[in-house]
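Student: I would like to learn how to read a fold from its coordinates. Where should I start?

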Amino acid sequence: MARFGVVGKLVAQPGQGQELLELLIAATRELQGADGCELYVVGQDRDDLDTIWVFEAWRDEAAHRASLDLPAVRGVIDRGLPLIAERDGAKLEPVGGVGLD
């Protein structure tokens, strides 16, 4: 089974970048120990503080899907959606690198 990855670009409503960032950082606590989560990194664009990047690597796509059903993660998603003006991203197959076995 192939690893599953996601890279996401979230552009917050004007002036809401910090709130969105804090919400996504809170999500990292909910994902610690989540079955199959190998990497979940949140970053803020240095040139546009309302743009947030999320990098994820999972054991497989099923583990990622299952994480979206965790009540705490659902809550973060529900609270975050109104803060997001636009989103873009890609599904990936992580194949190696620092931090991945």
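Tutor: Start with the elements: helices (H or I, at least four residues) and strands (E, at least two) are DSSP runs, numbered from the N terminus. The protein has three helices and four strands, in the order β-α-β-β-α-α-β along the sequence. Its radius of gyration, taken over C-alpha atoms, is 13 Å, close to the 13 Å from the globule rule (2.2 Å times the number of residues to the power 0.38) for 101 residues, so the protein is as compact as a globular protein of that length.

Student: What kind of model is this, and how are residues numbered?

Tutor: This is a predicted model, in which local features need pLDDT of at least 70, side-chain atom pairs count only at pLDDT 80 or more, and totals for chains, interfaces and linings use all residues. Residues are numbered from 1 along each chain as its sequence is written, and side-chain values use heavy atoms, with hydrogens and water left out.

Student: Which residues of H1 are buried?

Tutor: Buried means under 20% relative accessible area, exposed over 50%, partly exposed in between (1.4 Å probe, protein chains only). In H1 (residues 17-31), the buried residues are Gly17, Leu20, Leu21, Leu23, Leu24, Ala26, Ala27, Thr28 and Leu31. Across the protein, 41% of the 101 residues are buried.

Student: What do the buried residues of H1 pack against?

Tutor: Packing is read from contacts, meaning heavy atoms within 4.5 Å. The partners are strands S1 (4-12), S2 (37-44), S3 (51-58) and S4 (84-92), and helices H2 (61-67) and H3 (71-80).

Student: What follows H1?

Tutor: Glycine 33 follows H1, with a positive phi near 85 degrees.

Note on methods. The expected span of a helix is 1.5 Å times one less than its number of residues.
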